[in-house]
Amino acid sequence: MTTGQDRAAQPETPPGDDEALPTIAEQMADQLGGWRGLVESSIPVVVFVLANIIGDLRPAVIASVAVALLIAGLRLAQRRPVRHAVNGLFGVGIGAAIAWRTGNERDFYLPGILYGIGYGVALLISAAVRQPLVGWIWSVLVAKGRSEWRADPKLVRTFTQLTVLWGVVWLAKVGVQAGLYLAHQDTALGVARLALGYPPYALLLLITVWTVRRVTREPQPTPLPGA
């Protein structure tokens, strides 16, 4: 039989290295979970803030956790991705447990504040040691694990600058929340948590995607004849 020999003799086409990147809208939608992900991740916090204003701390904690569980359950039942729902449930659960134990409603937001501080510091440290965290996250989420950008000085510089931008913005927004936390402005803290949640993140994501795509699409200089 020659079928197997002919098939073996045919050269295999290597997978294309220059696969088209998803559009900016597609990348943002994936990271934010679409409009539904945005809404669902905010609902438990909104429920906590409103329930705490109307009633007491513990009913607010119970209501926010119940809503987070309901959202995660609905996503599972509909066989939709649950990454954003699980992340939201995890954050709400830890904050609710701390607030329940201490009896202070502002402690509901404490895990998010501590996480934000740690994330912002990690971003700035990674930029300082020339291992920009935004570049590595780009490799995982967009470039399918590839890290060729490490060999391109322009991309290394771009990702370093973007990482510094992310770190500064992250520490600024968490600084506002920390100030409200220390001032015992519980309701204002809840409002700040919502207002400083996805809007700055979406803006940073848009800037990052646009900047990296612009840099990677810049034409390479043509070498001079005889060079």
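Predicted model: local features only at pLDDT ≥ 70, side-chain atom pairs only at ≥ 80, totals over all residues.
1. The residues that line the second largest cavity are F48, V49, N52, I53, E105, Y109, D186 and T187. Sorted by class, this lining is made up of four nonpolar, two polar and two charged residues.

2. As for the cavity itself, its volume is about 50 Å³, and a search of the whole structure finds two cavities of 30 Å³ or more. Rolling a probe the size of a water molecule over the atoms shows where empty space is left.

3. Helix α9 spans residues 186–195, and within this helix L189, G190 and A192 are buried. These residues lie on the same side of α9, because they cover an arc of only 165° around the axis. As background, an α-helix has 3.6 residues a turn, so residues three or four places apart point the same way.

4. A further residue to look at is L114, which has its place in helix α6, a helix that runs over residues 110–128. Is L114 buried or exposed? L114 counts as exposed because its relative accessibility is 53%, and the cut-off for exposed is over 50%.

5. The position of L114 can also be described relative to A178: the two residues are 64 residues apart in sequence, while in space they are 8.9 Å apart, C-alpha to C-alpha.

Conventions. Residues numbered from 1 in each chain as written. Heavy atoms only, no water. Helix = DSSP H or I, 4+ residues; strand = E, 2+ residues; numbered from the N terminus. Buried < 20%, exposed > 50% of the residue type's maximum accessible area, 1.4 Å probe, protein only. Arc of directions from axis to C-beta. 1 Å grid on protein atoms, 1.4 Å probe; cavity = no way out; pocket = protein on both sides within 12 Å on 5 of 7 lines; lining within 4 Å. Points joined across faces, edges and corners; volume = space filled by probe spheres on them. Nonpolar A, V, L, I, M, F, W, Y, C, P; charged D, E, K, R; others polar.
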